[in-house]
Amino acid sequence: MKDLVKYVQQELAALADPAKAGPMAAYLKTDMPFYGVQKPDRAKIEKSMLRNFRAATRREYKQAILALWQLPHREEKYLAIHFAANHMDFVDETNLPLYKRLIQEGAWWDFVDGIATALVGVALRKEPDRVWPTMDAWIEDEDFWLRRTAILCQLGFKKETDHRRLFDYCLRRADETEFFIRKAIGWALRDYSYAEPSRVKAFLLKNKDQLSGLSFREGAKQLKKTGQLD
């Protein structure tokens, strides 16, 4: 994977903008260095990276992801997640330990949320019977980024959402004071409300006293916007 690493570093260096690197780090409240390559320019690198480098086996898949992930800059880690998500044949239950590692080492929303939806969520769609037991464990994990992932992994599932689990997970974590958990609960409920407004409305009203104000407000946004909840 040396060629992949060299390619990515050269491409990022060519587009680096030191004037943007500082503000990007400040926005994410991180000391991790940036090249200063923003999303539109990263998208060009992502396309060329995938065009020139493909993993043929699970071993190559994992090696490539970790080779990028272990580089020092944040953009390199974004490319690792993008590489992982764009090898659909390998996004499944067997790679949950790898995704767990990325979540725990990344430990911030810009990494975790993409992993939750583009990797864990995709694996869940493919193999729900094999992935749900892991989510049932993660929702109780001491690492709140894993708990957040369990809550967010069904984003975009619409009517295919396992609402019983979603609601159960939300209630299990409803008493938490951690901002990223409260926000995740509201986000997940709001996302599901587009597909099943009546079901989410009933859940919100029934459990208003248990949910934090933030979770309730976030979960109710779309319902209020459409006049379905006062």
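Lys29 is exposed, with a relative accessible area of 71% (exposed means over 50% relative accessible area, buried under 20% and partly exposed in between, with a 1.4 Å probe and protein chains only). You will find Lys29 in the loop between helix H2 (18–27) and helix H3 (39–52); helices are DSSP runs of H or I with at least four residues, numbered from the N terminus. Although Lys29 is not a glycine, its phi is positive, at about 55°. Most residues other than glycine have a negative phi.

Ala107 also is not a glycine and has a positive phi, of about 45°. Ala107 sits in the loop between H6 and H7 and is partly exposed, with a relative accessible area of 28%.

## About the model

This is a predicted model, in which local features need pLDDT of at least 70 and side-chain atom pairs count only at pLDDT 80 or more, while totals for chains, interfaces and linings use all residues. Residues are numbered from 1 along each chain as its sequence is written, and side-chain values use heavy atoms, with hydrogens and water left out.

## The buried side of H8

Helix H8 spans residues 128–138, and its buried residues are Val131, Trp132, Met135 and Trp138. They cover an arc of only 115° around the axis, so they are on the same side of H8; the arc is taken from the directions from the helix axis to the C-beta atoms. These buried residues pack against helix H6 (96–106), helix H7 (109–126), helix H9 (144–152) and helix H10 (163–172).

Glu127 is in the loop between H7 and H8. Leaving aside residues up to four places away in sequence, Glu127 touches Asp92 and Glu93, where contact means heavy atoms within 4.5 Å.

Helix H12 (residues 197–206) and helix H13 (residues 213–225) pack at an angle of about 145°, with axes 10 Å apart. Here axes are lines fitted to C-alpha atoms over the stretch in contact, and angles run from 0 to 180 degrees between N-to-C directions. H12 contributes Pro197, Val200, Lys201, Leu204 and Leu205 to the contact, and H13 contributes Phe216, Gly219, Ala220 and Leu223.

Now look at Ser193, which lies in helix H11 (residues 179–193). Ser193 is buried, with a relative accessible area of 2%. Not counting residues up to four places away in sequence, Ser193 touches Val200, Gly219, Gln222 and Leu223. A polar atom of the Ser193 side chain lies 2.6 Å from the backbone oxygen of Arg190.

Notes
Helices (H or I, at least four residues) and strands (E, at least two) are DSSP runs, numbered from the N terminus. A polar contact is a pair of N or O atoms within 3.5 Å; within protein, one must be able to donate a hydrogen and the other to accept it, and residues adjacent in sequence count only if both atoms are side-chain atoms.
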